[in-house]
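Q: I would like to go through this model with you. Could we begin with how its parts are packed?

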Amino acid sequence: MIKKIRTKLILLIVVTGVTSLLLFRGLWTQKWPFWYWLIENCPIEVSFLPEPEKDIFSRLGEEAQKYEVPESEDDAEAVEKIQPFFDLADKYTAIYIYGIEDGMYRAGRAPSAFIENRDNFFFNMSYEWTDGIAERFHTVNLEFKNGYASVMIYLYHSMFFLIPYLIFCLTVCILWFLTVILYFVTAKMRVVERLKGEILEMASGNLDTPVKEEGQDELGVLAKELDSLRITLNEKLVDEQELHKSNQELIAALSHDLRTPLTILKGYLEIVQLGRNQEQQEEYVRRCIRKTEDIQEMTNRMFEYALVYDEVKLEKDYPELERVMQSMILKELKEHMEFLELAGFQTELVNELPEKEETVLADTAMLKRVFNNLFSNIIKYADKKVPVYIEVTSEPEFCILIKNRIKAEQNPLESNRIGLKSVRKIMGFMNGTVEVTEENREFAVRLRMKTI
């Protein structure tokens, strides 16, 4: 199953967004503990945040003795006289005076900053966010000229901490969100860069280095298909090289198969030209005609040579197998033996065929090419001083054994042994086998075919 990058990215965005929100919520709930720690323990002075005066309570106690507390808040003259007492507070501090016995409000002043910033959006928002928690509330009983009164002091300095802290929280959460998303994108870009390098490596001709697997998403599928393409291209290149080699071998095989009947034909014509044996003239002419027919058949059936080197063989490409009399095969062998004798070789035939006629399943044309290849090799490589031994048997299967001795000094023309390759392939097409042995210059070929 393909895991799409888009789906993974959407899920990552959702999960990272939720974790960012939870992180923001966690940081925001800790704003006041952080504020108290910042004020009390931070070694660096936080200059942009207002702080209450540290000796505000002692100063208020000293100044209170200079003023009289109004009997009620309606006593305008008394309220006016006590106003300098409230000047001791800064613009972020509120002071309210209440009677000790009756608890009634006498006089007071709100923070001047509230009036100055009443239209300031951020100020009002910060005040709303405090929810009264940021108000550091203190109650003290102070002695005035006319007696004791309860003084309530509200400190609003911490509300200015909220906007910077909000910016800090948003920065941390946004950085976390972007870091996770950018890490994912960067990882995928690295994969793209690797794939680019591997494609360039393939383009340079290196098809042996495998493409690294990259997961189950689109890039992983691309890497997998790219590796399959590399394997296919490599196989095609190897096949092309093998095809080129096979074509060269096909040309060599065709040349080899045609050269033998042409050599035999030339020998017969030379005999006819000499005219030494008038009684055999007609027989030699007949053999010449038959060899020309063999050559014509070879050229007409060139496609069958491709089967010798093609591993993919369709049913229509198989040779046309038929019942062939063993006596016909023996007759073909004797003709080749006669030609060997004309070429200066000695031959010895051992015929152990039964009197009862038997047949083998074979293709006549291909059998002729098998004999042409084998006897052509004998003419080129065999030692004329040692007889060529041929044995024909039919029990338990039809078998032809050809033995000869290799010349002591020779310059081999068939370094690729194309003749024997062709013989092996052709015999395989006819459900036969070939056994080749070579020891101490003694060369033997045994052909086996099933009798029917």
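Q: Which strands does helix 12 lie across?
A: Helix 12 lies across strand 6, strand 8, strand 9 and strand 11, and runs at about 165 degrees to strand 6. Axes here are lines fitted to C-alpha atoms, for helices over the stretch in contact, with angles from 0 to 180 degrees between N-to-C directions; contact means heavy atoms within 4.5 Å. Helices (H or I, at least four residues) and strands (E, at least two) are DSSP runs numbered from the N terminus.

Q: What should I know about the source of the coordinates and the numbering?
A: This is a predicted model, in which local features need pLDDT of at least 70 and side-chain atom pairs count only at pLDDT 80 or more, while totals for chains, interfaces and linings use all residues. Residues are numbered from 1 along each chain as its sequence is written, and side-chain values use heavy atoms, with hydrogens and water left out.

Q: And helix 13, which strands does that one lie across?
A: Helix 13 lies across strand 8, strand 9 and strand 11, at about 15 degrees to strand 9.

Q: In what order do the strands of the open sheet come?
A: The order of its five strands is 6-8-9-11-10, with mixed pairing. Two strands pair if DSSP finds at least two bridges between them. Strand 6 (347-351) and strand 10 (433-439) are at the edges; each has a single partner strand, so one side of each lacks a neighbour in the sheet. On average, neighbouring strands of this sheet are turned by 10 degrees against each other, direction ignored.

Q: How many bridges join strand 9 and strand 11?
A: Eight bridges, in the antiparallel sense. Within strand 11, Met449 is the bridge partner of Phe398.

Q: Which residues have the most contacts inside the largest nonpolar core?
A: Ile329 and Leu447 do, in a core of 35 residues. Elements giving two or more residues to this core include helix 12 (326-342), helix 13 (364-381), strand 9 (398-405) and strand 11 (442-449). Helix 13 supplies the largest share, seven residues. A nonpolar core is a set of buried Ala, Val, Leu, Ile, Met, Phe, Trp, Tyr and Cys residues joined through side-chain atoms within 4.5 Å. Buried means under 20% relative accessible area, exposed over 50%, and partly exposed in between (1.4 Å probe, protein chains only).

Q: What is Ile329 in contact with?
A: Neighbours within four places in sequence aside, Ile329 is in contact with Val324, Val360, Leu367, Phe371, Phe398, Ile400 and Met449. Apart from this core lies another of 20 residues, among them Tyr67, Phe85, Leu88 and Leu142.

Q: Phe371 is on that list; is it buried or exposed?
A: Phe371 counts as buried because its relative accessibility is 1%. Phe371 lies in helix 13. Beyond four places in sequence, the contacts of Phe371 include Glu332, Leu333, His336 and Leu447.

Q: What about His336, buried or exposed?
A: His336 counts as buried, at 3% relative accessibility, and its place is in helix 12. Not counting residues up to four places away in sequence, His336 touches Ile264, Lys291, Phe371, Asn372 and Phe375.

Q: Changing topic: how far apart are the end C-alpha atoms of helix 8?
A: They are 60 Å apart, which agrees with the 62 Å that the 42 residues of helix 8 (residues 162-203) should span at 1.5 Å a residue. The expected span is 1.5 Å times one less than the number of residues. Gly205, which follows helix 8, has a positive phi near 110 degrees.

Q: And what reach does helix 1 have?
A: Helix 1 (residues 5-29) has 25 residues and reaches 36 Å from first C-alpha to last, close to the 36 Å expected. Thr16, Ser20 and Trp28 are buried in helix 1.

Q: Which residues is Leu9 in contact with?
A: Leaving aside neighbours within four places in sequence, Leu9 is in contact with Ile181 and Phe184. Leu9 and Phe184 are 175 residues apart in sequence, yet their C-alpha atoms are 8.0 Å apart. Leu9, found in helix 1, counts as partly exposed at 26% relative accessibility.
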